[in-house]
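Subject: Structure handover

Hello,

Here is the structure for your files. My notes on its sheet and helices follow below.

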Amino acid sequence: MRILILYSKEGRVGALAQGLAGVLKKSNCQVQLMQAEPQGSSPISGASYDLVVLGSPTLGFFGGKIAEDLVATSARLSRLEGRKAAAFVSGKLFGAGKSLKAVMGLLEKQGAMVEDFATLHGQSDIEAFGQRLLKLGNR
C-alpha cells in the first residue's frame with residue numbers, strides 16, 4: 001500500500017507523523033512523509049497513493065483551529081476524488097474534535113473519502129491508528 005502523510009510543521013505533529021510512518025513501514029507499506037509547505041506552488045497529486053493522511057495540531061485556546069500551513073498546502077492537493085483518506089490531530093484537553101472535523105473537511109472538499117480519523121496523544125494511540133489504517137488497505 002502506498003501512503004502519503006501530509007503534516008503541519010507546527011507543534012509536535014511531525015513526531016506523530018514519523019511515528020505513524022514507522023508503524024506503517026513495519027507492515028511493508030511505502031510511506032511518503034511530506035511536511036506542509038505553504039509557499040509552494042506546484043500541485044501535489046494524490047493519484048499514485050492508495051491512502052492520503054493529513055495531520056495538524058489542535059490550535060486555539062479552546063481548540064477547533066488547525067494549522068494554516070496545512071490549509072494552504074492541502075489546497076494544492078489534486079486527484080483525490082474517491083480516494084481513501086484519513087486525518088489526525090495532536091491531542092489537547094479541549095477542541096480536538098472540532099480541529100479533527102476541520103482537517104477532515106480539507107480532504108472532503110477535494111473529494112476524498114475520509115474513512116478513519118484520530119486524536120493522537122502518544123505511542124499507543126499512534127500504534128492503534130496505524131493498525132486501523134492498515135485494515136483500510138485490505139478493504
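Two strands count as paired if DSSP finds at least two bridges between them. Helices (H or I, at least four residues) and strands (E, at least two) are DSSP runs, numbered from the N terminus. This is a predicted model, in which local features need pLDDT of at least 70 and side-chain atom pairs count only at pLDDT 80 or more, while totals for chains, interfaces and linings use all residues. Residues are numbered from 1 along each chain as its sequence is written, and side-chain values use heavy atoms, with hydrogens and water left out.

The sheet

β1 and β2 are parallel and share 6 bridges. R2 has Q30 in β2 as its bridge partner. Between these strands the chain passes through α1, and this β-α-β crossover is right-handed (with the strands pointing away from the viewer, the path from the first strand over the helix to the second runs clockwise).

The open sheet has 5 strands in the order β2-β1-β4-β6-β7, with parallel pairing. Its edge strands are β2 (30-35) and β7, each of which pairs on one side only. On average, neighbouring strands are turned by 20° against each other, direction ignored.

At the β7 end, strand β6 (residues 84-90) is joined to strand β7 (residues 113-120) by 7 bridges, again in parallel. V89 stands opposite T119 in β7. The chain goes from β6 to β7 by way of helix α3 (residues 96-109), in a right-handed β-α-β crossover.

The helices

Axes are lines fitted to C-alpha atoms, for helices over the stretch in contact, and angles run from 0 to 180 degrees between N-to-C directions. Contact means heavy atoms within 4.5 Å. α1 lies across β1 (2-7), β2, β4 (51-56), β6 and β7, at about 170° to β1. α3 touches β4, β6 and β7, and its direction makes about 150° with that of β6.

Helix α1 (residues 13-26) also packs with helix α4 (residues 123-137), at an angle of about 45° and with the axes 9 Å apart. The two are therefore oblique to each other (angles under 35 degrees count as roughly parallel, over 145 as roughly antiparallel, 65 to 115 as roughly perpendicular and the rest as oblique). Among the residues in contact are L16, L20 and V23 in α1, and I126, F129 and L133 in α4.

Regards
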